[in-house]
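I opened the model to look up some helix packing and a chain contact. My entries follow.

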Amino acid sequence: MSALEHSFEHRELKDPSFLRFIFGNPAMAPLWLLARLYLGYQWLLAGWHKAWGDQRWINVPGPDGIPLKNFWANAIKVNDAGTGAIKYDWYRDFLTFMSDHGWYHWFSWVIALGEVTVGVLLIVGAFTGVAALAGATLNFNFLLAGSASTNPVLFILALLIMFGWKVSGWIGVDRWLLPALGTPWEPVPGVLEERREHPHPQTPRFGQGVTQS
Amino acid sequence: MTRATALVLGMLAWAGVAAVAVTVVNAWQDENQVLAFLPILAAVVVAWAIGELVTARVFAAHQREVK
């Protein structure tokens, strides 16, 4: 066996038991529920302000997305010392490009309705990992644009919920949705080729949890 | 028929959670963030109970009949 094969051999490195308990045990589901509800409520509230609030970004008389345009303008502004809210030039160029092309009109819809969707999905626990990823992406972009606010806390919380995706939606729609759709370790028969080649004697039961024996 | 009813009931329960969350946010917005948590949590508990006590039991009973 060569040194490369020895170093990068195909084997799975197991997580410590306490991490598996925190991120993969249904006993922790109530804790994840609280984290999920808090994060979901914050996103729903933020999206609600942008979509239907007094200072809303969209569905206003006149062009949509003017607050987003102003947000971008402040973010990409460079002061006399040559610095600004954004530290990465490529991100400043990215926002400048979007602003110059008037993308704030439709991007404000994406952000406002995206935040509402992320909030609702987290609260009901449907596609929890994906919703947390979408939320974390929004936080990440707000942080890159120089807006701290609650974003660091929400970002970390979203990452934790993503890591615990198997149980974070356990008290929620994911309990039924993930097994019904077929998760990587419990596929719907006929979806994966491996399944056809090596059929499992038992068809997954409806409602049987992904980690439930 | 029973299974379809149980499934629809379970789906409606979680749709109800979403409805409660949206209603609470619309009503209270930034005020009473702690109090707003309670009706949402209560709706989640009800939806979870319906899923465990009704939907799951109906499907488990059907599974036993099939076997």
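I began with the crossing of α3(A) and α8(A), which is left-handed (the near helix is turned anticlockwise from the far one by less than a right angle; clockwise would be right-handed). Helices here are DSSP runs of H or I with at least four residues, numbered from the N terminus. The model is predicted, so I note that local features need pLDDT of at least 70 and side-chain atom pairs 80 or more, while totals for chains, interfaces and linings use all residues. Residues are numbered from 1 along each chain as its sequence is written, and chains are lettered from A in the order in which they are written.

I listed the residues that make this contact (C-beta atoms, placed from the backbone, within 7 Å). From α3(A) they are A:Trp32, A:Ala35, A:Arg36, A:Leu39 and A:Gln42, and from α8(A) A:Leu154, A:Leu157, A:Ala158, A:Leu160 and A:Ile161. I sorted them by class and got eight nonpolar, one polar and one charged (nonpolar: Ala, Val, Leu, Ile, Met, Phe, Trp, Tyr, Cys and Pro; charged: Asp, Glu, Lys and Arg; polar: the others, Gly among them).

Next I looked up the contact between the chains. I found 16 residues of chain A in contact with 18 residues of chain B. On chain A, α3 (29-52), α6 and α10 (174-181) each supply at least two residues of the side that touches chain B. The largest share, six residues, comes from α3(A). I sorted this side of chain A too: it has 13 nonpolar, one polar and two charged residues.

Note on methods:
Contact = placed C-beta atoms within 7 Å.
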